[in-house]
Structure formats: C-alpha cells, structure tokens
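Please examine the sequence and the structure shown below.

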Amino acid sequence: MHTGLRITAFAAALAATFGAAYGVGRGVDPVVAEKAPATHDEHSRPAPEPKEGGGHGGHENTTPGGLQISENGYSLDLATPRVTAGLRAELRFTVRDGSGKAVTAYQREHDKELHLILASRDLVTYRHLHPTRAADGTWSTPVDLPRAGGYRVFADFTPAKKDAENLTLGADLAASGRYEPANPPAPDDTARADGYQVELAGSLRPGKASELKLEVSRDGEPVNDLQPYLGAYGHLVALRSGDLAYLHVHPNGEPGDGTTKPGPEISFTATAPSEGTYRLFLDFQHQGKVRTAAFTVRAGSAPAAQDSAPTAPTAPTAPAAPTEHADGHGH
C-alpha cells in the first residue's frame, strides 16, 4: 500500500461497506513483526498519473485490484470459504506462488506484511484486518460477521522478491443465515464515527486524479492532534459498487516530513477507474483508538440503476450493524 497518495487498486474492490454504516474502530492487531517497519522513502516520491482503469499506484497494472484471485503468478487460497453469520470464526488463507508453494516472505508496507480487507457485496459491512502469519505461510484472523450474504476478501501485499509488485488478490466468502441486502446510503459530505464528525471536500473523477480533503472534528471543535497510524494520519479505502473494485489511497505527505500536520485536515489524491457509485472508508486514530468514517460518493454521471441495486434478497433480516473498523485485529 503506497503513501504518495497513489490510489493503489487495493484488492480491486473498493472494500467499502456500502451499507448504512459509519464505523467505529475496535481492537488492535497482533501481526508477526520479524523486521522493523519499512521506511517510507519510496512513498514520498510524487505518484505517477494513474492510468484509466485504476491499478496499483506506481505500477503498470490497468485492472483494478481485488477482482482476480490470481495475478502475476500468485494466488489467494482461501481455506475458509464459508462462515455462519453472528458466530465468531477463524478465517484462514494462504498466498501461493506459481509452483503452488506457500509464500512465507513479504515486504513490510505501512508496518505490516499484509493488509486484509473484508466487505459485504452490498457494502454494508466492512472490516480492515491484520491477520497473523504462521511459519508455514498460513494466515489467520478471527471474524464475526453480523449479516448473512456474500462477502469479498482482499489481500494486499508485496512478496519479498526483487522487483516484486504490490498485489491485491480477491476471493469470495459466504456467510450463511437469513439475508436481505441493503441499499447504499445516499451521497453525503458528512460522516459520523464514534462521536467524531468528518467533512469531505472534493470529488472522485473517472480516469483523472483529484484531491480529496477530509476534516475531522469533535463536539464542534477541530481535532488538531491526530495520531500516526501505520505511518500516516489517515488511510482511505474506496470500493466501487457492483463489482467491489478496490482502491487504497494514502495521504499526501506523512508524519515528520515537515509539511504534514496532525489534523484536522487529511488530504488524499485518488483516481476512479470508471464512473459509478463508490464507498469511501477513512481510518484515523485519536486518543489511542482507530475510528472509521464512511461516505458514499459518485464519480462522473449518475450511475445506472444496477450500480447500486443489491443482488436478489432471500429472507428479511434485522437492520445492519454500524460499520466497524476491525473485528479482532484492527487495521
């Protein structure tokens, strides 16, 4: 995941929970830490103009991340394709190379070897997780999904191999139970998260880079003491409604660079791969806790009806729980 505010098509699926949910963070993740966090020197370089169609920032990919289960010789092997809604389960998966062997060496990016995004197909439920890796290359993390239905899992990582590119691989996950999809909330420039208010300025543009500014306040007062979280004052994930094309965006600048302030404004640069409806998820840390604020935005002209229409429902269910920052292991 790259900082220079390069929209890395993070798991081709804008892992955004498109449901009426503005998240509250909980939990901090324990991930293997065999090496010190990577420096951000390479992230401080200006990002190249993203190509139309998305892709990982700084790479030649033209396909948004997360839409494929295999790419560049690597595959996502999801050992837990089904869970039961409302019950805590262990989600297990392995990244395999072209020979089928489990990958056990990764580059650390933003303090982690791998970032895992989990989003429901109707974009109502969202998780940003950091699983634990076993010595044999198996990753695992507890999950507790509140609603039945289809989900997409996105693994964002870079193999520890010379000239290796950052990849976002995606796989489908099913949560059994009674299910009724929700419609995405209407576009709004204001989101609330755990007592905080976040104002969004700017817009997504198809095929063109644009600046997004998010200002954090609490009780009507600007928050000027945001805390660094995974090497930045904020992390932004965007998911496209319909196929969950994933874009992961990082802020312009980073803590300690002499130009970036700890709030109240966090600035990002992003490029939408196409017109349509997107869900934006902002993670920020204050007073030792990570919160998530969510927005619905439209890029380009108004989307066709199918862009925001959920798949066919089965049976009614209770209203969706608020968007949560993490489940067990937090981003």
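**A guided reading of the model**

The lining of the largest pocket is made up of five nonpolar, six polar and five charged residues. In this division Ala, Val, Leu, Ile, Met, Phe, Trp, Tyr, Cys and Pro count as nonpolar, Asp, Glu, Lys and Arg as charged, and the others, Gly among them, as polar. The model is a predicted one, in which local features need pLDDT of at least 70 and side-chain atom pairs count only at pLDDT 80 or more, while totals for chains, interfaces and linings use all residues. Residues are numbered from 1 along each chain as its sequence is written, and side-chain values use heavy atoms, with hydrogens and water left out.

The volume of the largest pocket is about 190 Å³. A pocket is found on a 1 Å grid over the protein atoms alone, as an open set of points where a 1.4 Å probe fits, with protein on both sides within 12 Å along at least five of seven lines; lining residues have an atom within 4 Å of a point. Grid points are joined across faces, edges and corners, and the volume is the space filled by probe spheres set on the points. The lining comprises 16 residues, and the closest to the pocket centre are Thr 260, Lys 261, Glu 265, Ile 266 and Ser 267. Two or more lining residues come from each of β13 (209–218) and β17, and β17 gives the most, with three residues.

Of its 331 residues, 53% are buried, where buried means under 20% relative accessible area, exposed over 50%, and partly exposed in between (1.4 Å probe, protein chains only). The chain exposes about 13000 Å², of which carbon and sulfur atoms supply 49%; these areas come from the Shrake-Rupley method with a 1.4 Å probe, and for residues only the protein chains shown count as cover. Among contacts in the chain with a separation of 6 or more, 75% link residues 24 or more positions apart, a contact being heavy atoms within 4.5 Å.

Strand pairing can now be followed. Five strands make an open antiparallel sheet in the order β1-β2-β4-β8-β7, two strands being paired if DSSP finds at least two bridges between them. The edge strands, each pairing on one side only, are β1 (70–71) and β7 (132–133). Two bridges join β1 to β2 (residues 74–78) in the antiparallel sense, and Ser 70 faces Ser 75 of β2.

Elsewhere in the chain, which strand is largely enclosed by the rest of the structure? Strand β18 (residues 276–286) is so described because 11 of its 11 residues are buried. β18 pairs antiparallel with β15 over six bridges, where Ala 238 has Leu 280 of β18 as its bridge partner. β18 also pairs antiparallel with β19 (residues 289–299), over 11 bridges, including that between His 286 and Lys 289. These two strands form a hairpin with two residues between them, and Gln 287 there takes a positive phi near 55°.

Another hairpin with two residues between its strands is formed by β11 and β12, and Asp 194 in the turn has a positive phi of about 55°. Four bridges join β11 (residues 190–193) to β12 (residues 196–201) in the antiparallel sense, with Ala 193 opposite Tyr 196. Tyr 196 also touches Ser 217, as do Gln 197, Pro 222 and Val 223, with residues up to four places away in sequence not counted. Ser 217 belongs to β13 and is buried at 15% relative accessibility.

Most residues other than glycine have a negative phi, and most peptide bonds are trans. Leu 123, in the loop between β5 (114–120) and β6 (126–129), has a positive phi of about 60° and is buried, with a relative accessible area of 1%. Leu 244 likewise has a positive phi of about 60°; this residue lies in the loop between β15 (235–240) and β16 and is buried at 0% relative accessibility. A cis peptide bond, with omega about 0°, joins Gly 263 and Pro 264, and Pro 264 lies in the loop between β16 (246–249) and β17 (265–271).
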